[in-house]
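Open the model in your viewer and start with the whole chain in cartoon view.

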Amino acid sequence: QVQLVESGGGLVQAGGSLRLSCAASGSIFSIYAMGWYRQAPGKQRESVAVITSGGSTTYADSVKGRFTISRDNAKNTVYLQMNSLKPEDTAVYYCYARLKIKYFGDPQDYWGQGTQVTVSS
């Protein structure tokens, strides 16, 4: 059983900052990538930022220069530092991990329950 537990969401004024954390626990053999997706009301879930086990990062164009993703491999934890927040960043943010629970087989995707981020104007 694998669990992804997020923390750090909340309400912040435009221009403010928040830091999200997500810890993966359970029967994990190896993690290939971790990241964050978000879903705003009435919109599809979109990728925000992803980081591989080797440290390569990918960001959505809308957050480049404002958000920073980082990872602590020893703790199986990923962070998202969000600065200069805008009202359009308001969404439920979901933690994501692509991992294997055993040596054999293909990696699978796991999701957290989501944490609400609300940015007021």
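Colour by secondary structure: this predicted model has 11 strands and zero helices.

The C-alpha trace spans about 50 × 25 × 25 Å along its principal axes. The radius of gyration is 14 Å, which agrees with the value near 14 Å for a compact globule of 121 residues. Of the contacts between residues at least 6 apart in sequence, 56% join residues at least 24 apart.

Next, select S1, S3, S8 and S7. In that order they form an open sheet of four strands with antiparallel pairing. Its edges are S1 (2-7) and S7 (67-72), each of which pairs on one side only. From one strand to the next, the twist averages 15 degrees.

Zoom in on S1 and S3 (residues 18-26). Six bridges join these antiparallel strands. Which residue of S3 stands opposite serine 7? It is serine 21.

Now show side chains. Buried residues account for 39% of the 121 residues. The largest nonpolar core has 30 residues, and Trp36, Leu80, Met82 and Tyr93 have the most contacts inside it. Strands that each supply at least two of its residues include S4 (30-39), S5 (46-52) and S11 (115-120). The largest share, five residues, comes from S9.

Finish at methionine 82. Beyond its neighbours within four places in sequence, methionine 82 contacts Gly16, Ser17, Leu18, Leu20, Arg66, Phe67, Tyr93 and Val117.

Conventions. Residues are numbered from 1 along each chain as its sequence is written. This is a predicted model: local features need pLDDT of at least 70, side-chain atom pairs count only at pLDDT 80 or more; totals for chains, interfaces and linings use all residues. Side-chain values use heavy atoms; hydrogens and water are left out. Two strands pair if DSSP finds at least two bridges between them. Axes are lines fitted to C-alpha atoms, for helices over the stretch in contact, and angles run from 0 to 180 degrees between N-to-C directions. A nonpolar core is a set of buried Ala, Val, Leu, Ile, Met, Phe, Trp, Tyr and Cys residues joined through side-chain atoms within 4.5 Å. Buried means under 20% relative accessible area, exposed over 50%, partly exposed in between (1.4 Å probe, protein chains only). Contact means heavy atoms within 4.5 Å. The radius of gyration is taken over C-alpha atoms; the globule rule is 2.2 Å times the number of residues to the power 0.38.
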